[in-house]
Amino acid sequence: MEILMQRAIQNIRDTISHALEYVPTHAALIFYDTDTPLADILTNAYRVALPQATFVHISHIDKERAIEMCDALEPRDLVILVQSTDFRLNDFRIRIYLFQKKLKVIEHRHLARHPEHTWNTYINALAYDPTWYRKTGHALKHILEHSSKLMLHAPDTTLTISSGLEIPKLNVGDYTNMENIGGTFPIGEVFTEAKELHAMCGSLTLYAFADTHYLLQTFEPFRVDIDKGLLIGWSSNTPQAFIDVVDMVQAQERPIFREIGFGLNRAITRATPLHDITAFERTLGIHLSLGEKHTVYKKEGIHADKTRFHVDVFPIITSVYADERLIFDGETYIVS
């Protein structure tokens, strides 16, 4: 446990200084709970990394007082949320409220979803390597933005996106020229989607997906078939749990694929997973979303306020080609 704590302290220090560019002349306010041991580890690591910060146990104050403390901060001050579940401090996501006040934010959410055997992975996933994240992230964004076709290959399946891609978004700890600084950690992702959703055709070999409790479910690999962006079928070994998710989506909207995410977090892999889907989607490799909900990009005929489902699915990928260029070889990105 001591080794884990020391690693947490170092990773937190690197994130605060290199990613958020926080300096001690600014205030730091940390809300935390003690409902899980992982929350305790993180809180204690922050106590070492930010000894000047104000620490507030969330159960010791009411919501109104918590908001008052945030309102007293100045732009570019830092707020950190260490949450075993999800603090509900106002009617909306508290992170959005804090961003509106120009505050820097680090969110650790749903820590209770991480069993003890994954704590090491979670702490490792907080490591911040500016060279890896920024160089790889920006290079990948540039390639994707200027590609007319994307091909995702596995041994027995290929998915082709032939319309070009929307301008990719970065979650790599580089907030240069960004309005908001910080977000939910662990980080490490570049994401986009097809300019024309109907231009996605082929098949994927899935090994994992998100269930209705936002937890990762892994199975023996199974095939899903896609035509004009829509899920149209699957192999005979497809787990009933996945079929149930598809039925749930189809009952209210189209089972269409939207987000295409490129995870960059080298600590999170198929062999070293995290159970919380928000964390696992940073996994080194590719994921897509099933369902009409993806508010980042607007699509004709899809009204964001009426969409409900964004189910992350994770395919086995042995190579990704942007046009004729290999950019992922199944183990790492080739973008330099």
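In the predicted model, the mean positions of the 33 positive and 43 negative charges of the protein lie 4 Å apart. Lys and Arg were counted as positive and Asp and Glu as negative, with His and the chain ends not counted; each charge was placed at NZ of Lys, CZ of Arg, CG of Asp or CD of Glu. Residues are numbered from 1 along each chain as its sequence is written, and side-chain values use heavy atoms, without hydrogens and water. Because the model is predicted, local features need pLDDT of at least 70 and side-chain atom pairs count only at pLDDT 80 or more, whereas totals for chains, interfaces and linings use all residues.

The protein has a radius of gyration of 20 Å, which agrees with the value near 20 Å for a compact globule of 336 residues. This radius was taken over C-alpha atoms, and the globule rule is 2.2 Å times the number of residues to the power 0.38. Along the principal axes, the C-alpha atoms fill a box of roughly 55 × 45 × 40 Å. Of the 336 residues, 57% are buried (under 20% relative accessible area, 1.4 Å probe, protein chains only).

The secondary structure comprises 8 helices and 17 strands, defined as DSSP runs (helices H or I, at least four residues; strands E, at least two) numbered from the N terminus. In helix 3 (residues 63-71), the buried residues are Ala66, Ile67, Met69 and Cys70. Viewed down the axis of helix 3, these residues fall within an arc of 155 degrees and so line one face of the helix; the arc is that of the directions from the helix axis to the C-beta atoms. They pack against strand 1 (28-32), strand 2 (54-57) and helix 4 (94-100), a contact being heavy atoms within 4.5 Å.

Terms used
Buried means under 20% relative accessible area, exposed over 50%, partly exposed in between (1.4 Å probe, protein chains only).
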